[in-house]
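Let's walk through this one together. Here is the chain to look at.

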Amino acid sequence: MTDPHLDGNALAGPLREIFAVDVTAATSRCAACGLSGAVAALHVYPNAPGMVARCPGCEEVVLRMVRTPDAAWLDLRGAVSLRIPM
Ligand SMILES: [Zn+2]
């Protein structure tokens, strides 16, 4: 990917609207390459349709989030799991 990206901390505000915990502190596991790491370490492309977070290891999409006026769409199919510290 040659587009400039932000780190996963850019997801903190939008995800806080959905989850009561800070999901950027969670550990995600990439479905494509198996890399585990903090959601905050994902490469976030904020100017895609919505926000697209890609794996820093293989650049596959791990998470997509689209916000509309009355709903939030969260696509986690690129993550095998999301470990949220409690
Ligand atoms: Zn990966």
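How many strands does the open sheet have, and in which order? It has 5, running β1-β4-β5-β6-β7 with antiparallel pairing. Strands here are DSSP runs of E, at least two residues, numbered from the N terminus, and two of them pair if DSSP finds at least two bridges between them. β1 (6-7) and β7 (71-75) sit at the edges with a single partner strand each, so one side of each has no neighbour in the sheet.

A word on the ground rules: this is a predicted model, where local features need pLDDT of at least 70 and side-chain atom pairs count only at pLDDT 80 or more, while totals for chains, interfaces and linings use all residues. Residues are numbered from 1 along each chain as its sequence is written, and side-chain values use heavy atoms, with hydrogens and water left out.

Back in the sheet, β4 (residues 43-45) and β5 (residues 51-54) pair antiparallel over 3 bridges. Y45 has V52 in β5 as its bridge partner.

Now for the metal. C30, C33, C55 and C58 coordinate the zinc ion through their SG atoms at 2.3 to 2.4 Å (donors are N, O and S atoms within 2.8 Å of the metal, or 3.2 Å for Na, K and Ca; water is not among the atoms, so sites may look incomplete). The donors follow the spacing C-x2-C-x21-C-x2-C. C33, in the loop between β2 (27-30) and β3 (36-38), and C58, in the loop between β5 and β6 (61-68), link distant parts of the chain, 25 residues apart. The 4 donor atoms make angles of 105 to 113°, a tetrahedral site (four donors with all angles between 85 and 135 degrees).

Both of these cysteines are partly exposed, a class between buried (under 20% relative accessible area) and exposed (over 50%), using a 1.4 Å probe and protein chains only.

| Residue | Relative accessible area |
|---|---|
| C33 | 41% |
| C58 | 29% |

Definitions and conventions. Helices (H or I, at least four residues) and strands (E, at least two) are DSSP runs, numbered from the N terminus. Four donors count as tetrahedral if all angles lie between 85 and 135 degrees; four count as square planar and six as octahedral if opposite donors are over 155 degrees apart and all others between 65 and 115; anything else is irregular.
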